Each structure stands twice: as C-alpha cells, then as structure tokens.
Amino acid sequence: MIDFTIAQEYTLPSEGKVYKQNVNPRVKLRSMTTAEEMKRLNHSDRPYKAMSEIIDDCLVSDLGISAYDLCITDYQYLLHRLRVVTYGPEYKLTSTCPYCGSVNKNVLNLDHLNITTFDQETFDKYSEITLPVTKKRIKLRMQSPRILDDINIDSKEQKRRSPNMVGDPAFLITLKSLIETVDDVKYEEFKLMPFIQKLPMMDTNYILKSAQKLNTVFGIDTQLLNICSNCGLDYTSSFRTTSEFFGPSID
C-alpha cells in the first residue's frame with residue numbers, strides 16, 4: 001500500500017539544552033493516520049500520556065526521550081507541528097472583542113506563530129531563584145506532560161481518600177513538583193511538604209510566578225493580536241485549542 005503520510009523536520013525551541021540526558025533537538029515528524037486518531041479519541045485518565053504516545057509514534061527520527069518527559073514547551077511545540085503536518089497550518093478560531101463585545105472569526109496560520117528559542121541567560125534567571133522572605137535558594141523543575149498528569153491523578157486520589165479536606169490538594173502537589181532543590185539539597189517528600197506549607201505566601205507566589213516565567217522563556221507565543229471587525233480596535237487574546245485543532249471543518 002502506498003504511504004500517503006507526510007514528514008517534515010523541525011527544531012525544538014529548547015534546542016535540547018534543558019535536559020539531563022542527550023536529546024536530539026532536530027526531529028522529523030510524520031502526519032497522523034486513522035490509527036493515531038483512534039488512540040487520541042480513546043478516553044484516558046492520563047491525557048498527556050496518550051497524546052505523547054501519539055507524538056512518539058509519529059516521530060520518524062530518534063528524539064532520545066519520550067514526548068511524555070519533554071518540558072511542556074517542547075511538547076506543545078511538537079503538538080502544534082503534528083497538527084500542521086497532519087491537517088495544514090490554517091486554524092479557525094473565534095475571539096471576543098473586549099471593547100464592543102463582538103465575536104470575531106479568524107483563520108490563524110499556525111506557521112506564523114512566533115517561536116522563542118532557548119536563551120541561557122534568561123533560562124538561568126528563572127530556573128534558580130532566591131526567595132524574597134526566607135532567602136532560600138530554589139532550583140526549579142520545568143513541568144512535563146508526565147508531571148501534569150501526575151498532579152491530576154494525585155489530586156484526585158487525595159480527594160477520594162479525604163473527601164472533607166479543605167482546599168485543593170493540587171496547589172501543594174504542584175508546588176512540590178516545581179521544587180528540585182532547596183539550598184542545593186534535594187528534599188525527600190516527608191521534609192519537602194512541611195517546608196512548603198510553612199513558606200510565607202510571598203515566597204510561594206514567587207515560586208509560582210518564576211515557574212510560569214520558566215515555562216514561557218522559550219516556545220510558542222500564545223498571545224494573538226486581533227483586529228475587531230466591528231469597532232476596528234486592536235486587542236490580544238490567548239491561543240485556545242478547540243475541536244478545530246484535531247478535527248478542522250472543511251467549509
């Protein structure tokens with residue numbers, strides 16, 4: 001049978017420089033087939049794992065790591081590239097003008113989204129921080145699809161075991177996942193959790209905001225510039241993944 005899949009080469013935004021193991025930043029990705037779409041539509045308690053397996057299946061070249069363990073920005077980049085190589089770059093989406101409330105329909109070219117590549121100085125600025133109150137030195141861990149799935153699973157399990165618990169356990173679990181070392185020491189969980197719980201909120205906020213920065217210092221720029229078709233004013237909106245992403249309409 002003739003192979004009608006399409007393959008294209010791409011370079012990871014991280015350039016493979018944020019990993020402890022060797023990661024090939026130059027990858028070749030083929031288009032999805034019906035078999036991969038069936039896997040995508042299958043319900044999973046670990047949706048990132050399912051999608052990572054599809055990316056792994058569609059990788060023609062050896063990445064050196066599963067997409068499940070990529071930093072989330074490289075994963076999102078490959079997700080976008082998989083969509084482009086499978087369905088093309090045109091993506092229909094809507095946004096609401098904040099000035100007049102009009103709903104604007106646009107066709108975004110995914111190939112035209114800005115991609116920020118790795119910069120060591122900017123990365124270092126947010127990956128190792130000193131907390132403003134306690135002055136503890138924190139090395140942050142970049143989030144991965146596996147970590148995000150684990151946070152979701154662990155949160156559900158804690159809620160199941162303690163249905164009357166106060167607050168969302170995902171908050172503490174997320175904080176725990178972000179901290180790699182404290183003053184160059186890797187804490188065991190029994191020590192890390194009390195440390196987090198006693199942190200002044202200013203320090204906690206600093207960790208969360210630094211982690212947000214760290215996960216956006218390279219990768220796809222998801223802020224979109226729009227012009228309202230009704231009032232003509234410019235406004236920005238955030239990129240959203242809708243059913244058009246992996247099931248584009250044909251008219």
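**Figure 1. Surface and overall make-up of the predicted chain.** The accessible surface of the chain comes to about 14500 Å², and 51% of this area belongs to carbon and sulfur atoms (Shrake-Rupley method, 1.4 Å probe; for residues, only the protein chains shown count as cover). This is a predicted model, in which local features need pLDDT of at least 70 and side-chain atom pairs count only at pLDDT 80 or more, while totals for chains, interfaces and linings use all residues. Residues are numbered from 1 along each chain as its sequence is written, and side-chain values use heavy atoms, with hydrogens and water left out. The chain has 8 helices and 11 strands (DSSP runs numbered from the N terminus: helices are H or I with at least four residues, strands are E with at least two). Of its 251 residues, 42% count as buried (buried, under 20% relative accessible area; exposed, over 50%; partly exposed, in between; 1.4 Å probe, protein chains only).

**Figure 2. The largest nonpolar core.** This core has 59 residues, and those with the most contacts inside it are Ile55, Leu70, Leu82, Phe195 and Ile207 (a nonpolar core is a set of buried Ala, Val, Leu, Ile, Met, Phe, Trp, Tyr and Cys residues joined through side-chain atoms within 4.5 Å). Helix H3 (residues 72-87) gives the most to the core, with 8 residues. Apart from neighbours within four places in sequence, Ile207 is in contact with Ile129, Leu131, Leu140, Leu175, Leu178, Ile179 and Leu199 (contact, heavy atoms within 4.5 Å).

Figure 3. The structure holds 9 aromatic pairs (rings of Phe, Tyr and Trp, the last by its six-membered ring, with centres within 6.5 Å; planes under 30 degrees apart are stacked, over 60 edge-to-face, and the rest tilted). The ring centres of Tyr91 and Phe239 lie 5.3 Å apart with planes at 35 degrees, so this pair is tilted. Because Tyr91 lies in strand E3 (residues 90-96) and Phe239 in the segment after strand E11 (234-238), the pair ties together parts that are 148 residues apart in sequence. Both Tyr91 and Phe239 are buried. Ring pairs link Tyr91, Phe239, Phe245 and Phe246 into a cluster. Arg83 lies over the face of Phe245, at 5.9 Å from the ring centre, and Lys191 lies over the face of Tyr187, at 4.6 Å from the ring centre (NZ of Lys or CZ of Arg within 6 Å of the ring centre and within 35 degrees of the ring normal).

Figure 4. In helix H4 (residues 120-127), the buried residues are Phe123, Tyr126 and Ser127. They cover an arc of only 100 degrees around the axis, which puts them on the same side of H4 (the arc is that of the directions from the helix axis to the C-beta atoms). The face turned away from this buried side carries the exposed residues Glu121 and Lys125. The buried residues of H4 pack against E6, E7 and helix H8 (201-214).

**Figure 5. Two loop residues with positive phi.** Lys135, a residue other than glycine, has a positive phi near 65 degrees. Lys135 is found in the loop between strand E6 (128-130) and strand E7 (137-140), and counts as exposed at 55% relative accessibility. Asp184, also not a glycine, has a positive phi of about 70 degrees. The loop that holds Asp184 runs between strand E8 (179-182) and helix H7 (189-197); at 57% relative accessibility, Asp184 counts as exposed.
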